[in-house]
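Q: Could you walk me through this structure? I'd like to start with a loop residue and then move on to strands, cores and a helix.

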Amino acid sequence: PTDEAQMAAAAALAQLELKGKGRTGTGQDGVRNQVRKELMAEAAASEKGLSLDTEDRGSSGKEGAAVPSVSGVYFICPLTGVVVRKDQREKHLREAIQEYFSVDPVAASIMEIQTFNRDREKVRVGVETMAKYLDNIYLHPEEEKYRKIKLQNKVFQERISCLEGIHRFFQAVGFETKMLPVPGQETPEEFYVLKEEMLPRLEDLRHYKEQLLSSEPLRAQLDRQLCLFKPSPEAASFELPEDFYNLTAEEIKREQRLRTEAVEKAAMLRTRAMREKEEQREMRKYNYTLLRVRFPDGYILQGTFYARETVSVLYSFVREALRDDWLPFELLGPGGLKLTDENLAFNECGLVPSALLTLAWDAAVMADIQESREEEPASPLKPQLLSRVQTLS
């Protein structure tokens, strides 16, 4: 059973125990005791799950330990096409962008600005301010004041200098640093000054400005790790690595403690709305989900997805694996529930952190296909996939 099922069962047992002892729980103390009892049962179930999880992690190298269903979460670098583990993603992106400076320093510096500055509002403000600097030079090339930017200027410091990659951008588009005198001051200050050689190339500055404004963060693409397995009774058995979880064991314990303290203060039973909110919080513990689709002939298609991707993505994933992608089919979730709303996210459907789904063909269409063929119809899956079929351990 899942952690949620264990918790629900423990809470139900606690309630039955209260009824068996004749406690009505009508007063404030009764309410507090009942809630405390439920939370203690949940904590016990959670601790048990954590303990088992810790044992599994500790014994992963021992003989007979369960083999993970997938070795981890991987991403594809859009610049190099290299597949890297999740924890190596940012390091590889930095190295790839660094190498790209030798190809296009302007584009590489813009990638740095957009990719490695997390505060999107600061990026937007900084980029718009930089674009204004370039626009002033382009529109007023005769005005020398627009070709100089004081680095200690308050606007520059607050909006621009704080952004990673910004100084490499100024250098790439033709600025250089110079110490220049400032009227009314004895000591000179540092400025960015546009090189003289850039004055005949003002169209380049306009192009750089447009490139800066239209750019987006460079994001590594989630590697689906597509696999095809032979028919197996182990299809519903999943062993997931830590990459699939958004919380560590210590964070889960801390969350449990905070929840207990909150209930002690509130001293009230959880309403349905509160339970639903709690379920939503549970779903956010998972960043990714491992999904398997079992075909009528028993073959199992497996892929890795973001927990917040929609069901439509899974339908597309399956179609791409078919020899004839026009074949109509339905996907059935656990319990045989049809996944008809393709706009729902996986975590909204309860398909996290893993799930086994069933594919059902349109019976009428498949009957017509079988009648039109003299030979037994081949597998609907692409030959290149069938050639790489694996055994599910």
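Q: Is Q225 buried or exposed?
A: In this predicted model, Q225 is buried, with a relative accessible area of 16%, where buried means under 20% relative accessible area, exposed over 50% and partly exposed in between, using a 1.4 Å probe and protein chains only. Q225 lies in the loop between β6 (221–222) and β7 (227–229); helices (H or I, at least four residues) and strands (E, at least two) are DSSP runs, numbered from the N terminus.

Q: What does the Q225 side chain reach?
A: The side chain of Q225 reaches the backbone oxygen of G72 at 2.8 Å. Leaving aside neighbours within four places in sequence, Q225 is in contact (heavy atoms within 4.5 Å) with V70, S71, G72, V73, Y74, Q302 and T304.

Q: What are the ground rules for these values?
A: Residues are numbered from 1 along each chain as its sequence is written, and side-chain values use heavy atoms, with hydrogens and water left out. As the model is predicted, local features need pLDDT of at least 70 and side-chain atom pairs count only at pLDDT 80 or more, while totals for chains, interfaces and linings use all residues.

Q: Switching to β8, why is it largely enclosed?
A: Six of the seven residues of strand β8 (residues 288–294) are buried, so β8 is largely enclosed by the rest of the structure.

Q: And which strands does β8 join?
A: Two strands pair if DSSP finds at least two bridges between them. Seven bridges join β8 to β9 (residues 300–306), running antiparallel, with V293 opposite L301 in β9. Five bridges join β8 to β11 (residues 354–361), running parallel, and there L291 stands opposite A355.

Q: How many residues are in the largest nonpolar core?
A: That core has 29 residues, and those with the most contacts inside it are F295 and L314; a nonpolar core is a set of buried Ala, Val, Leu, Ile, Met, Phe, Trp, Tyr and Cys residues joined through side-chain atoms within 4.5 Å. The elements β8, β9, α11 (311–320), β10 (329–332) and β11 each supply at least two residues of this core, and α11 gives the most, with five.

Q: What does L314 touch?
A: Not counting residues up to four places away in sequence, L314 touches L291, V293, F305, L331, F346 and L357.

Q: Last one: how many residues of α4 are buried?
A: In α4 (residues 105–116), 11 of the 12 residues are buried. What covers them includes α3 (89–100), α5 (120–139), α7 (166–172) and α8 (202–214).

Conventions
A polar contact is a pair of N or O atoms within 3.5 Å; within protein, one must be able to donate a hydrogen and the other to accept it, and residues adjacent in sequence count only if both atoms are side-chain atoms. The expected span of a helix is 1.5 Å times one less than its number of residues.
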